[in-house]
Amino acid sequence: QAQLVESGGGWVQAGGSLSLSCAASGLTFSVNTMGWFRQAPGKEREFVAAISWYGSSTYYADSVKGRFTISRDNAKNTVYLQMNSLKPEDTAVYYCAARAGRSVLAGIREYSYWGQGTQVTVSS
């Protein structure tokens, strides 16, 4: 069974930085896109960023453009999310996800595998 394990969450003051990692294993399909999503209390899960597994395509939600950077290490089957200039509004559980499709523009319903999530808390 596929496993996506997020790590790196924690507490940080507004303006600070955090780096998240997602290690993938046991995937039984050809993964071509990895994404990061987040869900704040009482809100729907929303898209944050996506990256192609083979290639260099990336896409970001408008709310994080210029502050967050998604990257990957294919040899380690790991995707990262570098988060800078964090705001209290960024507080949420962050999830990584995988899909077979190649488009980084895919919506949340098109991702097949999900990690357990890691909490990010930004204080003012």
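1. Start with strand 4 and strand 5 (residues 46–52): the two run antiparallel, with six bridges joining them. Bear in mind as you look that this is a predicted model.

2. Six residues lie between the strands, and Gly42 has a positive phi near 80°.

3. What joins strand 4 to strand 9? Seven bridges do, and strand 9 (residues 92–99) runs antiparallel to strand 4. Here you can look for Trp36, whose bridge partner in strand 9 is Cys96.

4. Is strand 4 mostly covered or uncovered? Covered: strand 4 spans residues 33–39, and six of its seven residues are buried.

5. Met34 and Trp36 turn up again in the largest nonpolar core, which has 29 residues; along with Leu81, Met83 and Tyr94, they touch the most other members. Strands 3 (18–25), 4, 5, 7 (68–73), 8 (78–83), 9 and 11 (118–123) are the elements that each give two or more residues to this core. There is also a second, separate core of six residues, with Phe37, Ala50, Val104 and Tyr111 among them.

6. Leu81 is worth a click of its own. Leaving aside residues up to four places away in sequence, Leu81 touches Trp36 and Tyr94, and also Leu18, Ser19, Leu20, Val48, Ala49, Phe68, Thr69 and Ile70.

Technical notes:
Residues are numbered from 1 along each chain as its sequence is written. This is a predicted model: local features need pLDDT of at least 70, side-chain atom pairs count only at pLDDT 80 or more; totals for chains, interfaces and linings use all residues. Side-chain values use heavy atoms; hydrogens and water are left out. Buried means under 20% relative accessible area, exposed over 50%, partly exposed in between (1.4 Å probe, protein chains only). Helices (H or I, at least four residues) and strands (E, at least two) are DSSP runs, numbered from the N terminus. Two strands pair if DSSP finds at least two bridges between them. A nonpolar core is a set of buried Ala, Val, Leu, Ile, Met, Phe, Trp, Tyr and Cys residues joined through side-chain atoms within 4.5 Å. Contact means heavy atoms within 4.5 Å.
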